[in-house]
Amino acid sequence: MMTSKRPDPPLGRARACTRLPSTGREEFLRLCPACHRTYPAGTINCELDGSRLHRVCVAPRCPQTGLALGGYELVARVAPGVCSEVWEGVRTTDGLPVILKLLRFLTGDMDAVRDLCSRFFREAAAVSAIGHPNIVRLLDHGLDPATGQAYLVFERLTGRTLVEAMRAWRMPRDLAAGLAVARQITAGMEQVHRMGVIHRDLKPSNIFLEDGNEGPRVKILDFGLAKIRNTKHLATLTRDMTYGTPAYLAPEQARGQEPDEAADLYALGVLLFELATGRLPFTGPPMSLIQAHLQKAPPDPCQLRSGLPPELGRLILKCLQKDKSRRYSDMGALGEALDVILVLLAATPPPATTPHPG
Ligand SMILES: Nc1ncnc2c1ncn2[C@@H]1O[C@H](COP(=O)(O)OP(=O)(O)O)[C@@H](O)[C@H]1O
Ligand SMILES: [Mg+2]
C-alpha cells in the first residue's frame with residue numbers, strides 16, 4: 001500500500017507532487033454533482049435534473065504520500081475506514097494543514113459502489129450545512145478531475161479522540177469531565193437533528209476532543225452514515241444498517257428499522273454508560289450484542305460503580321430504553337438533564353466511586 005520504505009520528500013509548497021501511474025484497471029461511474037445520484041459509466045446527464053455528470057474512479061488504486069488531489073497534497077495516512085481512508089494533508093496554495101477523506105474503492109458489486117459514492121457526497125452536503133462549534137468543519141469537497149478520486153476536506157484538529165481520552169482518564173474519577181464532554185455532544189447533536197440529519201454512528205472514535213484553553217472542545221466527526229431526511233434516495237440508505245457499530249446500536253436499528261433522532265440518543269446513552277462506569281452495558285461478539293440491545297435489560301450503572309449519583313443512573317437508563325418513545329424527547333431535553341447533574345456534581349465533593357467487586 002504505502003511507500004513506507006522510501007523517505008518522504010520534504011513538505012512545503014515547493015515540493016513536486018506525484019501522480020500515481022495508471023494501473024490500466026480503472027473503472028468509472030458517473031455522479032450527479034447536484035443530487036448525488038450515481039449512474040453507470042457512459043451516462044452523460046442526470047435523468048432527474050439534467051446536470052452534467054462527473055466521473056468518479058472506483059478501481060483500486062493506492063493513495064500515497066505526496067499524491068496531489070485537487071488543490072491538496074497527501075502527507076500521511078491516519079486511518080483506513082470501512083468506507084473511506086482518512087489522510088493528513090496540506091492545501092497546496094498556502095500549506096494549510098487539513099484532513100482529507102478519500103472514497104475507499106470497492107470492487108465487484110457496482111450497486112454497492114454506487115451507494116457508497118452517493119453516501120460520501122451526502123456526508124459532504126450534510127456536514128457543510130450544519131455549522132456548529134461542536135461539529136467538525138468541512139472546508140471543501142470534490143472530485144479530482146485527473147484521477148476521478150472523490151474527497152472531503154476538513155479542518156485538521158489538534159487533540160485526541162474520546163477513545164484515547166477515556167484510556168487516559170481514570171473513569172469514573174473524572175466523571176464531571178466525561179459528563180461535560182457528553183453535554184457538548186448533546187449541543188452539537190441538537191443542531192445536527194435540527195438540520196434533519198441523523199448521525200447513526202455516534203461512538204467514542206467519532207468524537208474528537210480538540211485542545212483548548214478552557215478544556216477540551218468536542219468536535220463530532222464522521223457523518224459517513226448520516227441520513228438526510230426527505231431524501232429521494234431513502235431506499236439506498238435503509239439497506240446499510242450493517243455499517244453501524246453493534247456496541248452502540250439502538251434496538252430499532254438492530255431490527256433493521258430506519259433510525260431517527262432516538263437512535264442517536266440511545267448511542268449517546270451507551271457512551272454515557274461507558275463514561276460513568278468505565279465499561280459498556282453489553283459486550284460480546286456482534287450477534288450476541290445485537291440480541292442484548294434487542295432483549296436484555298442493561299445493568300444499573302449505580303450497581304456497577306458505587307458513589308454514582310442515582311440521578312445519573314436513571315438518566316442513562318432512560319436513554320437506553322428499548323422503546324424509543326420512553327427515551328428523552330430530544331437532545332435538548334437530555335442536555336438539560338445533564339446540566340442538572342453537572343450542577344449537582346459541582347455542589348458535592350467528588351464521591352469515592354469504586355467499582356463493585358465482580
Ligand atoms: N478533522 C480531523 N482532525 C484530526 N483528526 C481527524 C479528523 N477527522 C478524522 N480524524 C481522525 O481520523 C479517524 C477516522 O476519522 P473518521 O471521520 O471517523 O473516519 P472513518 O471512521 O470513516 O475512518 C478519527 O477517529 C480521528 O482519529
Ligand atoms: Mg469514524
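This is a predicted model: local features need pLDDT of at least 70, side-chain atom pairs count only at pLDDT 80 or more; totals for chains, interfaces and linings use all residues.
Residues are numbered from 1 along each chain as its sequence is written, and chains are lettered from A and ligands numbered from 1 in the order in which they are written.

The chain has 10 helices and 16 strands, taken as DSSP runs numbered from the N terminus (H or I, at least four residues, for helices; E, at least two, for strands). Of its 358 residues, 41% count as buried, a residue being buried if 20 or more other C-beta atoms, placed from the backbone, lie within 10 Å of its own, exposed if 12 or fewer, and partly exposed in between.

Helix H3, which comprises the 20 residues 175-194, reaches 28 Å from its first C-alpha to its last, close to the 28 Å expected at 1.5 Å a residue, where the expected span is 1.5 Å times one less than the number of residues. Its buried residues include Leu179, Ile185, Met189 and Val192, and just after H3 glycine 196 takes a positive phi of about 80 degrees.

In helix H7 (residues 286-295), the buried residues are Leu289, Ala292 and His293. These cover an arc of only 95 degrees around the axis, which puts them on the same side of H7; the arc is that of the directions from the helix axis to the C-beta atoms. The buried residues of H7 pack against helix H5 (251-254), with contact taken as C-beta atoms, placed from the backbone, within 7 Å, while the face turned away from the buried side carries the exposed residues Met287 and Gln295.

Note on methods:
Two residues are in contact if their C-beta atoms, placed from the backbone, lie within 7 Å.
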